Amino acid sequence: MALIDGQPSVLLQNVSKLIKQRVKDQVSLVEKFAYTLYGNMSNEDLVGRNDSDLYGAALSLWQTFNGHAEPASMIRVFNPEIAKHGWESKHTIVEIVVKDMPFLVDSVRMALNRQSIAAHLLLHYPLQTERDSKGQITDFFKLGGKAKASTQQTVFHIEIDRLTGKAAIDSLTDELHSVMEDVSLAVQDWNQRRSEE
């Protein structure tokens, strides 16, 4: 969390207040998630942002994360609008929830570079989760914080150059899905070779 004199910034304290006021279910988990997501965000990255949009971004990614327990990657590329999503951004948003594995961040950066898309903010966090019988998150921890967990996933919130048009959004979504599959296959192959040594 961006700190000022050792304390969370007023902006991020306001995000916490909004969560307590507006979220009906899993309030403490959503608040913990927002603190985790924005935990390493610099004060420079907070300039020009408002609490409502930070709240909306955290809640959106939480809902994607909470609703996706499967090993396959979940990728969402969209332009948030207040009327439709309750928050907005001047950038296109990329949300990714994927089984944790090596090389993810570099692979995502390379995919964006191949499409000549600049990332203005790239937040990512590998997490272990405990989920109930319906797949809903009951708790989560930093990777390595638990001996056993239901899932180990990395979540991404990325703000990129504004994409206008369905074709551009679909193209990037397809590219990211392809990259996630390639990384998964490469890691499986790498793990197999290590076990054979």
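**A helix pair and its surroundings**

Mentor: The axes of α1 and α4 come within 9 Å and cross at roughly 60°. Such axes are lines fitted to C-alpha atoms, for helices over the stretch in contact, with angles from 0 to 180 degrees between N-to-C directions. Helices (H or I, at least four residues) and strands (E, at least two) are DSSP runs, numbered from the N terminus. This is a predicted model, in which local features need pLDDT of at least 70 and side-chain atom pairs count only at pLDDT 80 or more, while totals for chains, interfaces and linings use all residues. Residues are numbered from 1 along each chain as its sequence is written, and side-chain values use heavy atoms, with hydrogens and water left out.

Trainee: Which term describes how α1 and α4 lie to each other?

Mentor: Angles under 35 degrees count as roughly parallel, over 145 as roughly antiparallel, 65 to 115 as roughly perpendicular and the rest as oblique. The helices α1 and α4 are therefore oblique to each other. On the α1 side, the contact (heavy atoms within 4.5 Å) is made by Leu11, Leu12, Asn14, Val15, Leu18, Ile19 and Arg22, and on the α4 side by Asp51, Ser52, Leu54 and Tyr55.

Trainee: Which residues of α2 are buried?

Mentor: Buried means under 20% relative accessible area, exposed over 50%, and partly exposed in between (1.4 Å probe, protein chains only). In α2, residues 27-37, the buried ones are Leu29, Val30, Glu31, Phe33, Ala34, Thr36 and Leu37. They pack against α1 (10-22), α4 (51-66), β5 (119-131), β6 (137-142) and β7 (151-160).

Trainee: Where is Glu70 placed, and how far is Glu70 from Val98 in space?

Mentor: Glu70 sits in the loop between α4 and β3 (74-78). With a relative accessibility of 44%, Glu70 counts as partly exposed. Its C-alpha lies 8.5 Å from that of Val98, although 28 residues separate Glu70 and Val98 in sequence.

Trainee: How many helices and strands does the protein have, and why is it described as compact?

Mentor: There are 7 helices and 7 strands in the protein, in the order β-β-α-α-α-α-β-α-β-α-β-β-β-α along the sequence. The radius of gyration, taken over C-alpha atoms, is compared with the globule rule, 2.2 Å times the number of residues to the power 0.38. Here the radius of gyration is 17 Å, close to the 16 Å that the rule gives for 197 residues, so the protein is as compact as a globular protein of that length. Buried residues make up 45% of the 197 residues.
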